[in-house]
Amino acid sequence: MEGECFNKLPEGCVSTILAFTSPPEACKSSMVCPMFRAAAESDVVWRRFLPVDYRHILSRLVQPLVFSSKKELFLGLCSPNLIDGGNKSFKLDKWSGKKSYILSARELSIAWAHDPIYWSWRSTPESRFSQVAELKTMSRIEINGKIRTQMLSPNTKYGVYLIMKISNRAFGLDLIPSEISVEVSNRTQVCNGTAYLSCGDRKKEMERLFYGNRIEMLNSRVIEGDGRVPCERGDGWMEIELGDFFNGDQGDEEVKMSLREVKGQNLKGGLIIEGIEVRPKCI
(Lines give C-alpha, C1' and ligand atoms only; values in the text may rest on other atoms or scores of the structure.)
Protein backbone atom coordinates (compact mmCIF):
# COMPACT_ATOMS: atom_id res chain seq x y z
CA MET A 1 0.00 0.00 0.00
CA GLU A 2 2.79 2.45 0.95
CA GLY A 3 4.62 1.68 -2.30
CA GLU A 4 1.47 2.44 -4.28
CA CYS A 5 1.16 5.83 -2.52
CA PHE A 6 4.75 6.68 -3.28
CA ASN A 7 4.27 5.76 -6.94
CA LYS A 8 1.46 8.32 -7.20
CA LEU A 9 3.80 11.20 -6.34
CA PRO A 10 5.21 13.12 -9.34
CA GLU A 11 8.84 12.18 -9.98
CA GLY A 12 9.84 15.84 -10.14
CA CYS A 13 8.34 16.44 -6.71
CA VAL A 14 10.28 13.51 -5.22
CA SER A 15 13.51 14.73 -6.86
CA THR A 16 13.06 18.19 -5.37
CA ILE A 17 12.55 16.69 -1.91
CA LEU A 18 15.57 14.38 -2.20
CA ALA A 19 17.73 17.32 -3.27
CA PHE A 20 17.35 18.71 0.26
CA THR A 21 18.72 15.53 1.87
CA SER A 22 22.30 14.22 1.55
CA PRO A 23 24.13 11.94 -0.90
CA PRO A 24 23.84 8.84 1.35
CA GLU A 25 20.13 9.46 1.97
CA ALA A 26 19.46 9.93 -1.73
CA CYS A 27 21.15 6.59 -2.43
CA LYS A 28 19.13 4.84 0.28
CA SER A 29 15.87 6.27 -1.06
CA SER A 30 16.45 4.56 -4.41
CA MET A 31 15.57 1.25 -2.73
CA VAL A 32 12.04 2.38 -1.82
CA CYS A 33 10.44 1.80 -5.22
CA PRO A 34 11.21 2.18 -8.97
CA MET A 35 9.88 5.73 -9.08
CA PHE A 36 12.08 6.77 -6.16
CA ARG A 37 15.02 5.09 -7.87
CA ALA A 38 14.49 7.22 -10.97
CA ALA A 39 14.09 10.36 -8.89
CA ALA A 40 17.22 9.61 -6.84
CA GLU A 41 19.28 9.26 -10.02
CA SER A 42 18.11 12.54 -11.54
CA ASP A 43 20.38 15.49 -12.23
CA VAL A 44 18.04 17.67 -10.15
CA VAL A 45 19.15 15.83 -7.02
CA TRP A 46 22.87 15.51 -7.70
CA ARG A 47 23.31 19.01 -9.08
CA ARG A 48 22.37 20.31 -5.64
CA PHE A 49 25.04 18.12 -4.00
CA LEU A 50 27.71 19.61 -6.24
CA PRO A 51 29.46 22.84 -5.17
CA VAL A 52 28.10 25.97 -6.82
CA ASP A 53 31.47 26.54 -8.53
CA TYR A 54 31.84 23.00 -9.88
CA ARG A 55 32.26 24.22 -13.45
CA HIS A 56 35.23 26.33 -12.39
CA ILE A 57 36.69 23.33 -10.56
CA LEU A 58 36.30 21.18 -13.68
CA SER A 59 38.22 23.77 -15.69
CA ARG A 60 41.18 23.41 -13.29
CA LEU A 61 41.47 19.60 -13.49
CA VAL A 62 44.72 18.17 -14.85
CA GLN A 63 42.83 15.13 -16.20
CA PRO A 64 39.26 15.86 -17.40
CA LEU A 65 36.50 13.73 -15.92
CA VAL A 66 34.23 11.69 -18.18
CA PHE A 67 30.63 11.60 -16.95
CA SER A 68 27.13 11.24 -18.35
CA SER A 69 25.15 12.44 -15.34
CA LYS A 70 25.52 14.74 -12.35
CA LYS A 71 25.68 11.69 -10.09
CA GLU A 72 28.65 10.32 -12.04
CA LEU A 73 30.27 13.75 -11.82
CA PHE A 74 29.73 13.90 -8.05
CA LEU A 75 31.22 10.44 -7.54
CA GLY A 76 34.16 11.34 -9.78
CA LEU A 77 34.89 14.42 -7.67
CA CYS A 78 34.77 12.31 -4.50
CA SER A 79 38.08 10.78 -5.58
CA PRO A 80 41.23 12.94 -5.34
CA ASN A 81 41.79 14.95 -8.52
CA LEU A 82 44.89 17.00 -9.33
CA ILE A 83 44.18 20.64 -10.21
CA ASP A 84 46.12 23.83 -10.99
CA GLY A 85 48.88 22.17 -12.97
CA GLY A 86 49.21 19.33 -10.49
CA ASN A 87 50.15 21.54 -7.53
CA LYS A 88 46.90 20.94 -5.62
CA SER A 89 44.56 18.02 -5.05
CA PHE A 90 40.79 18.45 -4.76
CA LYS A 91 37.97 16.18 -3.68
CA LEU A 92 34.45 16.21 -2.27
CA ASP A 93 33.43 14.46 0.91
CA LYS A 94 31.10 11.65 -0.22
CA TRP A 95 28.88 12.00 2.84
CA SER A 96 28.32 15.74 2.78
CA GLY A 97 29.60 17.08 -0.54
CA LYS A 98 31.94 19.47 1.32
CA LYS A 99 35.15 20.52 -0.45
CA SER A 100 38.68 19.69 0.64
CA TYR A 101 42.09 20.57 -0.78
CA ILE A 102 45.68 19.43 -0.44
CA LEU A 103 48.31 22.07 -1.17
CA SER A 104 51.49 20.40 -2.44
CA ALA A 105 54.88 21.28 -1.00
CA ARG A 106 55.43 23.43 -4.11
CA GLU A 107 52.39 25.50 -3.11
CA LEU A 108 53.83 26.19 0.34
CA SER A 109 56.35 28.80 1.45
CA ILE A 110 59.23 26.83 2.96
CA ALA A 111 62.17 28.89 4.19
CA TRP A 112 65.31 28.27 2.10
CA ALA A 113 63.60 25.52 0.12
CA HIS A 114 65.17 26.91 -3.06
CA ASP A 115 68.68 26.23 -1.74
CA PRO A 116 69.84 22.63 -2.39
CA ILE A 117 72.22 22.88 0.56
CA TYR A 118 69.25 22.83 2.93
CA TRP A 119 66.35 21.17 1.07
CA SER A 120 66.07 18.66 -1.76
CA TRP A 121 63.15 18.24 -4.15
CA ARG A 122 62.53 14.73 -5.41
CA SER A 123 59.83 12.49 -6.78
CA THR A 124 58.53 9.48 -4.90
CA PRO A 125 55.94 6.88 -5.94
CA GLU A 126 54.18 7.26 -2.60
CA SER A 127 53.18 10.87 -3.34
CA ARG A 128 50.20 12.11 -5.34
CA PHE A 129 52.33 15.05 -6.46
CA SER A 130 55.33 15.15 -8.78
CA GLN A 131 57.73 16.29 -6.04
CA VAL A 132 58.10 16.37 -2.28
CA ALA A 133 60.52 18.45 -0.20
CA GLU A 134 63.06 16.81 2.13
CA LEU A 135 65.02 18.72 4.74
CA LYS A 136 68.73 17.88 4.39
CA THR A 137 70.23 19.91 7.23
CA MET A 138 69.28 23.26 8.73
CA SER A 139 68.90 24.88 12.14
CA ARG A 140 65.36 26.22 11.57
CA ILE A 141 62.11 25.01 10.03
CA GLU A 142 59.53 27.46 8.68
CA ILE A 143 56.60 26.09 6.67
CA ASN A 144 53.74 28.39 5.72
CA GLY A 145 50.64 27.92 3.60
CA LYS A 146 47.52 29.89 2.76
CA ILE A 147 44.13 29.38 1.17
CA ARG A 148 41.13 31.61 0.47
CA THR A 149 37.88 30.82 2.29
CA GLN A 150 35.98 31.37 -0.96
CA MET A 151 37.51 28.12 -2.24
CA LEU A 152 35.97 26.17 0.66
CA SER A 153 32.45 25.14 1.62
CA PRO A 154 30.57 27.75 3.67
CA ASN A 155 29.30 27.17 7.21
CA THR A 156 31.78 24.36 7.73
CA LYS A 157 34.42 23.63 10.36
CA TYR A 158 37.75 22.79 8.74
CA GLY A 159 40.87 21.10 10.06
CA VAL A 160 44.36 21.84 8.72
CA TYR A 161 46.89 18.99 8.54
CA LEU A 162 50.57 18.86 7.63
CA ILE A 163 51.21 15.73 5.54
CA MET A 164 54.72 14.45 6.18
CA LYS A 165 57.10 11.57 6.77
CA ILE A 166 60.31 11.13 8.73
CA SER A 167 63.23 9.52 6.92
CA ASN A 168 65.49 6.91 8.50
CA ARG A 169 68.31 9.47 8.64
CA ALA A 170 66.28 12.02 10.59
CA PHE A 171 68.01 13.90 13.40
CA GLY A 172 67.44 16.83 15.74
CA LEU A 173 63.75 17.31 14.93
CA ASP A 174 62.21 17.14 18.37
CA LEU A 175 64.68 18.56 20.86
CA ILE A 176 61.94 21.13 21.41
CA PRO A 177 58.42 21.08 19.95
CA SER A 178 57.50 23.03 16.83
CA GLU A 179 55.03 25.89 17.09
CA ILE A 180 51.89 25.53 14.95
CA SER A 181 49.15 27.99 14.09
CA VAL A 182 46.08 28.57 11.92
CA GLU A 183 44.82 32.13 11.51
CA VAL A 184 41.90 33.62 9.59
CA SER A 185 42.56 37.18 8.40
CA ASN A 186 40.21 40.02 9.37
CA ARG A 187 39.12 38.04 12.42
CA THR A 188 40.41 37.26 15.88
CA GLN A 189 40.14 33.57 15.04
CA VAL A 190 43.59 32.17 15.79
CA CYS A 191 44.52 28.60 16.75
CA ASN A 192 47.98 28.12 18.28
CA GLY A 193 49.73 25.10 19.71
CA THR A 194 52.82 22.89 19.63
CA ALA A 195 53.66 19.63 17.91
CA TYR A 196 56.38 17.00 17.81
CA LEU A 197 57.38 15.88 14.33
CA SER A 198 58.22 12.29 15.23
CA CYS A 199 56.87 9.81 17.72
CA GLY A 200 59.04 8.83 20.66
CA ASP A 201 61.89 6.49 19.82
CA ARG A 202 65.33 5.51 21.05
CA LYS A 203 67.11 8.15 18.94
CA LYS A 204 65.03 10.93 20.49
CA GLU A 205 65.75 9.61 23.97
CA MET A 206 69.51 9.63 23.25
CA GLU A 207 69.36 13.17 21.86
CA ARG A 208 67.55 14.38 24.96
CA LEU A 209 70.08 12.67 27.18
CA PHE A 210 72.96 14.23 25.23
CA TYR A 211 71.63 17.80 25.24
CA GLY A 212 70.37 17.57 28.82
CA ASN A 213 69.65 20.88 30.52
CA ARG A 214 69.82 22.84 27.24
CA ILE A 215 66.50 21.32 26.21
CA GLU A 216 64.80 22.54 29.38
CA MET A 217 66.13 26.03 28.74
CA LEU A 218 64.95 26.00 25.12
CA ASN A 219 61.49 24.69 26.04
CA SER A 220 60.95 27.79 28.16
CA ARG A 221 61.05 29.85 24.94
CA VAL A 222 58.25 27.92 23.26
CA ILE A 223 54.57 28.81 23.63
CA GLU A 224 52.48 26.46 25.70
CA GLY A 225 50.67 23.80 23.71
CA ASP A 226 49.33 20.27 23.75
CA GLY A 227 52.40 18.73 22.05
CA ARG A 228 50.58 17.00 19.22
CA VAL A 229 52.24 14.05 17.51
CA PRO A 230 51.86 12.62 14.00
CA CYS A 231 49.24 9.98 13.27
CA GLU A 232 48.93 7.60 10.34
CA ARG A 233 46.80 8.39 7.32
CA GLY A 234 45.14 5.90 5.02
CA ASP A 235 47.46 6.84 2.14
CA GLY A 236 50.73 5.77 3.76
CA TRP A 237 51.72 9.24 5.01
CA MET A 238 51.61 10.80 8.48
CA GLU A 239 49.76 13.94 9.48
CA ILE A 240 49.83 16.52 12.25
CA GLU A 241 46.81 18.72 12.88
CA LEU A 242 47.99 22.34 12.80
CA GLY A 243 44.65 23.72 13.98
CA ASP A 244 41.10 24.35 12.82
CA PHE A 245 38.73 27.17 11.92
CA PHE A 246 35.10 27.77 11.06
CA ASN A 247 34.37 28.99 7.55
CA GLY A 248 31.15 30.99 7.75
CA ASP A 249 29.69 33.19 5.06
CA GLN A 250 31.50 36.46 5.83
CA GLY A 251 32.99 36.71 2.34
CA ASP A 252 36.43 35.87 1.00
CA GLU A 253 39.18 35.78 3.65
CA GLU A 254 42.69 34.38 3.80
CA VAL A 255 43.56 31.46 6.03
CA LYS A 256 47.22 31.28 7.06
CA MET A 257 48.72 28.08 8.43
CA SER A 258 52.22 27.41 9.69
CA LEU A 259 54.67 25.13 11.47
CA ARG A 260 57.86 26.72 12.82
CA GLU A 261 60.83 25.57 14.87
CA VAL A 262 63.28 28.46 14.97
CA LYS A 263 64.29 28.58 18.64
CA GLY A 264 66.22 25.34 19.07
CA GLN A 265 69.16 26.46 16.91
CA ASN A 266 70.36 22.87 16.57
CA LEU A 267 70.86 21.21 13.19
CA LYS A 268 67.99 19.05 12.08
CA GLY A 269 67.13 16.97 9.01
CA GLY A 270 65.09 14.10 7.57
CA LEU A 271 61.67 15.80 7.49
CA ILE A 272 59.77 15.03 4.25
CA ILE A 273 56.89 17.36 3.33
CA GLU A 274 54.16 16.36 0.87
CA GLY A 275 51.80 19.23 1.59
CA ILE A 276 49.03 20.64 3.78
CA GLU A 277 45.46 19.36 3.69
CA VAL A 278 42.42 21.50 4.49
CA ARG A 279 39.41 19.23 5.00
CA PRO A 280 36.04 19.29 6.81
CA LYS A 281 36.15 18.09 10.40
CA CYS A 282 33.74 15.55 11.77
CA ILE A 283 31.71 17.16 14.54
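Is F245 buried or exposed? I looked this up in a model that is predicted. F245 has a relative accessible area of 2% and is therefore buried, the cut-off for that class being under 20%.

**Entry: ring pairs.** I noted for each pair I examined how the rings are placed, since a pair of aromatic rings is described by the distance of the centres and the angle of the planes.

**Entry: W112 and Y118.** I find the ring centres of W112 and Y118 5.8 Å apart, with the planes at 65 degrees, so I record this pair as edge-to-face. I class W112 as partly exposed because its relative accessibility is 45%. I class Y118 as partly exposed as well, on a relative accessibility of 27%.

**Entry: Y158 and F245.** I then turned to the pair that F245 forms with Y158. The centres of these two rings lie 5.8 Å apart and the planes stand at 15 degrees, so I record the pair as stacked. Y158 belongs to strand β8 (residues 156-171) and F245 to strand β12 (residues 238-247). I note that the pair links distant parts of the chain, its members being 87 residues apart.

**Entry: a cluster.** I traced ring pairs that join W46, F49 and F74 into a cluster.

**Entry: charges over rings.** I located the charged end of K165 over the ring of W237, at 4.6 Å from the ring centre. I also located the charged end of R279 over the ring of Y161, at 3.7 Å from the ring centre.

Conventions:
Residues numbered from 1 in each chain as written. Predicted model: local features only at pLDDT ≥ 70, side-chain atom pairs only at ≥ 80, totals over all residues. Heavy atoms only, no water. Phe/Tyr/Trp six-rings, centres within 6.5 Å; stacked < 30°, edge-to-face > 60°. Buried < 20%, exposed > 50% of the residue type's maximum accessible area, 1.4 Å probe, protein only. Helix = DSSP H or I, 4+ residues; strand = E, 2+ residues; numbered from the N terminus. Lys NZ or Arg CZ within 6 Å of the ring centre and 35° of its normal.
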